[in-house]
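Here is a short briefing on one structure. Look over the sequence and the model first, then read on.

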Number of protein chains: 2
Amino acid sequence: MERLFDEELKNLKEMLLRMAGLVEQAIDLAIEALKEQKEEPAREVLLHESEINTLDVEVDETCLRLMALRQPMAGDLRFITSAMKITSELERMGDLAVNVAEQALILARLPLLKPLIDIPHMARMARAMVRDSINAFINRDEALARSVCERDDGVDSLDEQIFRELLTYMMEDPAAISRAVALILVSRNIERLADHATNIGEDVIYLVVGKTIKHHIDKKREGVPS
Amino acid sequence: MERLFDEELKNLKEMLLRMAGLVEQAIDLAIEALKEQKEEPAREVLLHESEINTLDVEVDETCLRLMALRQPMAGDLRFITSAMKITSELERMGDLAVNVAEQALILARLPLLKPLIDIPHMARMARAMVRDSINAFINRDEALARSVCERDDGVDSLDEQIFRELLTYMMEDPAAISRAVALILVSRNIERLADHATNIGEDVIYLVVGKTIKHHIDKKREGVPS
């Protein structure tokens with residue numbers, strides 16, 4: 001019985017790892033589409049998202065089943081409810097990657113505004129945060145979870161900097177406006193991706209330390225250029 | 001024992017209702033700040049958000065306690081895990097209202113771009129969706145939950161229309177760019193508020209009907225002007 005439960009927890013972890021892997025790939029594909037003005041990788045993001053959504057439902061159902069049938073003790077219960085929160089975060093990240101891909105599809109048909117450097121850099125930062133947040137969860141690694149939360153500020157600053165730069169482009173050339181707005185939305189979506197990784201980091205700290213740091217971290221909020 | 005459990009479930013519902021009420025007020029205050037270029041209501045939004053965050057933590061802890069101590073049966077368990085998802089949605093809505101308030105603070109110091117009609121209209125739609133989604137949860141009202149999900153399209157179209165209109169403003173007058181971008185972000189944040197209410201509606205349908213419609217509804221995604 002105990003062994004079966006461990007087996008099921010392991011299965012749960014594997015599903016979350018698979019979801020995180022798909023999110024990482026979706027980010028890469030969306031950025032590739034954006035950078036190289038290709039439609040194909042953008043369309044692949046949609047397939048990834050659909051797989052992420054299927055896994056999200058499976059994780060939820062597995063968690064409910066584990067809670068109902070095994071009546072886990074406090075520690076395991078907290079782990080399972082954390083898994084339910086984390087799968088929601090990953091599902092939202094899938095949506096955000098799709099948002100980026102859809103902007104990439106719009107931009108693929110227009111002349112490139114400028115070679116993209118900062119946005120891909122920001123996407124790599126967010127991607128690493130996704131991976132680290134899930135590894136922190138799987139290994140109950142508080143230090144790694146904290147490092148994820150700390151890195152969020154760097155992503156926020158980069159988003160802010162990109163925002164200001166694109167405003168300048170728009171001021172100088174009205175013909176650049178729709179493309180610049182599309183890139184602002186891309187940047188904002190990546191910034192939110194990093195926020196969701198940070199949420200996972202906070203959940204992990206809660207899980208390991210047993211008290212909440214949610215709402216105590218002085219982090220910049222989504223969607224605010226300040 | 002059974003009676004105590006019912007009492008605790010009632011308490012849980014009341015906390016969620018209080019949170020939803022605070023979210024609704026926060027939306028109103030943010031829009032008032034925006035429309036009348038006042039700073040005071042925008043600052044009040046921050047106080048509301050902090051109260052929402054406190055309630056979010058309390059709801060989570062109540063749910064964990066209920067699950068650990070009462071070992072509820074399948075139906076109650078699903079209700080409690082739904083409550084945990086719903087409190088996260090409400091907490092995010094608080095963040096989004098803060099985003100709007102922060103844009104209002106920026107815009108309060110600048111000349112009004114134009115009298116605001118559509119954005120307050122959209123905010124009223126989103127606000128009603130918040131209220132209805134929570135009532136649908138409390139009363140297990142599937143029809144009301146479905147109506148929330150259906151109304152999301154109307155909000156998305158309005159967001160789209162506002163986006164196009166503001167693009168035109170920017171094209172015509174570069175001096176309008178920062179204000180127009182701020183309003184695009186406001187509109188996008190309200191659109192996301194409605195998305196979160198829709199998520200709650202989907203959770204309620206799942207709770208009542210027992211199967212997921214998540215990921216099956218063909219809804220527009222956040223952050224995509226298409």
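**Core contacts and overall build**

Beyond its neighbours within four places in sequence, Ala30(B) contacts Ala42(B), Val45(B), Ala97(B), Val100(B), Ala101(B) and Ala104(B). Contact means that C-beta atoms, placed from the backbone, lie within 7 Å. This is a predicted model: local features need pLDDT of at least 70, side-chain atom pairs count only at pLDDT 80 or more, and totals for chains, interfaces and linings use all residues. Residues are numbered from 1 along each chain as its sequence is written, while chains are lettered from A and ligands numbered from 1 in the order in which they are written.

**Nonpolar core**
- The largest nonpolar core holds 132 residues.
- Ala30(A) and Ala30(B) have the most contacts inside that core.
- Such a core is a set of buried Ala, Val, Leu, Ile, Met, Phe, Trp, Tyr and Cys residues joined through C-beta atoms within 7 Å.
- Buried means 20 or more other C-beta atoms within 10 Å of the residue's own, exposed means 12 or fewer, and partly exposed lies in between, with C-beta atoms placed from the backbone.

**Leu167(B)**
- Leu167(B) sits in helix α5 of chain B, residues 142-172.
- Leu167(B) is partly exposed, with 16 other C-beta atoms within 10 Å.
- Leaving aside neighbours within four places in sequence, Leu167(B) contacts Ile177(A), Ser178(A) and Val181(A).

**Chain A**
- Chain A has six helices and zero strands.
- Helices (H or I, at least four residues) and strands (E, at least two) are DSSP runs, numbered from the N terminus.
- Buried residues make up 47% of the 226 residues in chain A.

Notes:
Contact = placed C-beta atoms within 7 Å.
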